[in-house]
Amino acid sequence: MSKVEFDKETGPREVFCGLTSIVWLHRRMPDAFFLVVGSRTCAHLIQSAAGVMIFAEPRFGTAILEEKDLAGLADAHEELDRVVNDLIARRPEIKTLFLVGSCPSEVIKLDLATVAEKLNKRFLGQVRFVNYSGSGIETTFTQGEDGALKALIPLMESSNEEKLLLVGTLANNVEDRFKKIFRNLGISNIESFPPRQSTALPKIGKNTKVLLTQPYLSDTVRDLKHRGCEIISAPFPLGIEGSTKWFLAAAKAFKISELKVHEIISPLINRAKLALESHKEILKGKRLFLLPESQLEISLARFLHNECEMDLIEVGTPYLNKDLMKEEVNLLPDNTKIVEGQHVEKQLDRVRESNPDLVVCGMGLANPLEAEGISTKWSIEMVFSPIHGIDQAADLAGLFSKPLRRNQILTTKTLVTH
Amino acid sequence: MELTLWTYEGPPHVGAMRIASSMKDIHYVLHAPQGDTYADLLFTMIERRGQRPPVTYTTFQARDLGGDTAELVKKNIKEAVERFKPKTLLVGESCTAELIQDQPGALAKGMGFDMPIVNLELPAYSKKENWGASETFYQLLRTLLKDKASSSIKISPLRWKELGRRPKVNILGPSLLGFRCRDDVIEIQRILSEQGIDTNVVAPLGASPDDIERLIDAEINICLYQEIAETSCEWLKRNFGMEYTNTIPIGIKNTIKFVNEVHKKLDLPLTNKKELENKSKLPWYSKSVDSNYLTGKRVFIFGDGTHAIAAAKIAKEELGFEVVGLGTYSREMARQVRATAKELNVEALITNNYLEVEVAMKKASPELVLGTQMERHSAKRLGIPCSVISTPMHVQDVPARYSPQMGWEGANVIFDDWVHPLMMGLEEHLIDMFKHDFEFVDGHQSHLGHTATNTEDFLKTDEKKEKNNKEGIIWTESGRAELTKVPFFVRGKVKTNTEKYAISKGIPEISDETLYDAKAYFS
C-alpha cells in the first residue's frame, strides 16, 4: 500500500443525504416507485436536487408526516397504508414499491419493515414492497443506493450458474458497452444489479462473481458475500487505468488470459488516450481539492492524478471503507491526504489556504467559491453523467477541464456578485 | 399523512433561511441532520448567490441520538458565534430536531452571549415556508425592538411635519427567493422618492439588525408582500401605532391606488395625479388597436396569494382578459383569493396539489396560463401559452436584466411577459393556417412542442367516419375538415362543445353545419 495519509474529521457537513440517490435509481428502474416516508423537507430536498418539474408525474413521492401522525404510531401505520393504497390505485403500472425511511421516520421509529411485510401479503402477485433507509442521520448521498440494493437482495433467487454480476447503477449506454466488451472477452453470462426492470432481478449464488461498478456499496457487498457470491477485488472503472485493471480482474476470475484482455481493449485504450490529450493539456499540473460527497472522490483523485497529471491537495470522502477501496488507495501517489468526514468550515479554510486551481464540491458551495475566484466542479454531476469505462475517460476528464477552460476564456478571476 | 409528488413551498425553516440570508450580520444555527444543507443550493444556484447562506447545521447523526445532542448544539453555536461574529443569532430546528426536543433556542440563551438571540419555534409538521419566513421576521423584530416597544412610543404618520423633514417609510417583506423582490424594491423606492418620500429601511432584504432597530424612525410601513410582512406590520402598528399600506402596487391601477394610499396616510398632498397615468406604457399598449385581439382572452391564474390576486385584477381590468380560473397555494391568503374570485365569478382553487391545478386548468380551457413554474410545465403539456408570475423560484425567475413586477416598470414587464406568449399563440395559428402552402417546410416546429395540438391525432385519422366518443356521435368528413380550420388553441374546446351540442339535440352525425349551429348556440 502506498503511504497515504488518513485523517478523520467531524463537524457540520455540507452533503446530501441518502434520499438523493432516488433521483438516479428511479430512472434506472422505470417500473419502480420510491415512496419516502418523511417530512416536507424530504420532499423539498428531492425536488430541489432533481429539478422534478420536468416530470408529468414523477415515480417518486413523499408521504409527508403531519402532526397527527406523530401523536400515535398505530395511526401513522394506518395512514401509510391509506397513502399506499391510493398510490397503487393511481399508478397500477408500479411493480416494486420502495418504502424509504427518512430522518423523522427513523427518529419516531416507524417500522417500515413490518408495514412492507403486511403490504406484501395484501398485494401478493401485483406489487412488491421493500424498505430501506435513506435518512441523513444514517446515510450520505450515494449510500442511499447501497440501502436500496441491499433491500432487494432477499428477493433474489438462488442459482449456481456461473455469471458475472455488475453491481451498481450504470448509465444504460455504458452498461451496454461493458457487456459487449465482456462478451468479446468470452464471458457470456453477464447481468446487472440493479436491473433495468425491478422485477428482473438476477439470480445469485456461489458461482456468481461480483464486479463492482461503484465504490459506495459496502452493505450490498456484505450481503452478496453472505449469499455465497465471490467479490472480485479491483479498482473502479473510472479512467483508462481503473477500467483496464477492472477488466483484467474480471478476466482473471473467469480464467481468461491477460493477453486476450489486452488484445480486446488495446484499440479502445489507444483511442481513449488520444481523446484524453486535449483535456490533459489543461489539467496537467493543476492543483485539485476534493470535498466529500459521492464516495467517488478517491477513484476520481486517482484518475485525475495518474492520467491527467493533476496534483492532489486533499481528497475528502464522506465515508471510507478501507477494504473496498484497497485497490484504489494502492494506486494513489505517496503522501496523498485522505480526509474522511467533514467539518465544512475548517475544510473551506484549508481550501482557501491551499489556493487550489479546482475544487470538486456540492452545489451549495460552488458559486460562493467561484465568487472568491476558485474554479469548481459540482460533484452531483458525477452520478448523473455516463463516466465509467475506457470510452468515457475523455468525457470524465472533460467534466473537470471545462470549468478551467471556461475560466481561461473569461480571464477575470473575481466578479462582482449580486 | 399527505402524499406529495411535488410541493410549492418548502418547510418553515427554509423560510427562516430566506430571512437570515436576506440580511446582514445575522447567523442562523439550525439543529438539523446532514442532508438538510440541500437548502443552501436554493440560494447559491437558483439566486446565483456568491455567498453561502449564513447557516450552521449541527449535523447530528443516528449515533449521536443515544448520547448528548444538546452538547452538539452548544458546540456548534459556540463555533458559529466565534467564527461569524453575528450581531444577532437565530437558533432553531428542522423537522427531525423538532422531534428530539433539545430546545436549541433555550440552550443558546443559557450560554452567556450578549448579542440578541431569537429562538425560532417553527412547527415543521403543520406549517410551511412562507409562514416560516413571516414568523422569523416577526420574531426578529420583536426581539430587537423589545425595549422600545415597552417604552410606549406612539408614532404619528404626520410626525415628519413636526420634524420638518421629508416623510420616511419602511419597505417590508422583500426577501431572497421571493418573486422579483430585488427589482420591486428598486422600483418602489424610485416611485416614492419621486413623490418626495424617503425610504428609511428596506427589510429583510439587505437589512442588518441595526436597521431593524431603527425601523421606528419611519412614519409608516409599506407592506410589500403580505405573506412575509403582514404579521410584522400588524405588530408594529399595535406596539408603535405605525400605520401600514394594504395596496400591493402591481399593475397600473393598484400602483396609482398605492401612491394615493401612501399620500393619504402621510397627509401629503398628491400633486401629480394626472401624470401618474402616463408613467407606464401599459395603458396605451393595451388601448392600441393591435391589442384588440386580447379582448376576452381566457386566462387561468395560479400562484402565491399576492401575485395571483394582482394578476387577476390586471388581467380583467387592464388587459381586458376573461379570468376563467383563479387559485393559490398560500392557505394563509385563501380568504383574500376567494374574495377576488367571487368578484370575478369564478370559484377559487386553494390547493397544494399541482395535479389538481392541472385538472382545473384543463377544464377551464384557457388561452393563457399565468402561474408558477409548475403551471408552465402543465400548460406546456396541454399546449397552452404560459407566463410565470409567482414563486417557487426557478433560475429563470432571477433574470439578469431589471425586471420588476411592481410599479410602472413592473406594468411594462407584465405587458410584455403576458402578451408575448399570446402573440406566439397567434403565430401558431398562422403556421397552422398556412401549413399547406408550399413555402412551409414539412414538420415546421411549434414553439409549444409536439403536444401543442391534442386534437391532432383525431384529425389525422384516415377513417372517414369514426365513433370518437362514448355517446356514439360520428364526425363526418365535412365536420372534421371544418374543425381543422379552427385555431388549435380553441380546437379542443370547440370539439367538446360541438359534441355536447349534438348530444343535447340528438344529432347523430356532426357535419360542418353542426359546427356552425353549435357555435351560434354557445355564443
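Here is a short tour, stop by stop.

First, some ground rules: chains are lettered from A and ligands numbered from 1 in the order in which they are written, and residues are numbered from 1 along each chain as its sequence is written. You're looking at a predicted model, where local features need pLDDT of at least 70, side-chain atom pairs count only at pLDDT 80 or more, and totals for chains, interfaces and linings use all residues.

**Stop 1: chain B.** Select chain B: its C-alpha atoms fill a box of roughly 85 × 65 × 40 Å along the principal axes. Colour it by secondary structure and you'll have 24 helices and 17 strands (DSSP runs numbered from the N terminus: H or I of at least four residues for helices, E of at least two for strands). Of its 523 residues, 52% are buried, meaning that 20 or more other C-beta atoms, placed from the backbone, lie within 10 Å of a residue's own.

**Stop 2: helix α12 of chain A.** Now pick residues 297–306 of chain A. Eight of these ten residues are buried, so the helix is largely enclosed by the rest of the structure. Among the buried ones are A:Ile298, A:Arg302 and A:Phe303.

**Stop 3: the largest nonpolar core.** A nonpolar core is a set of buried Ala, Val, Leu, Ile, Met, Phe, Trp, Tyr and Cys residues joined through C-beta atoms within 7 Å. The largest has 263 residues, and those with the most contacts inside it include A:Phe34 and B:Ile301. Helix α20 of chain B (residues 407–433) gives this core its largest share, eight residues.

Methods
A residue is buried if 20 or more other C-beta atoms lie within 10 Å of its own, exposed if 12 or fewer, and partly exposed in between; C-beta atoms are placed from the backbone.
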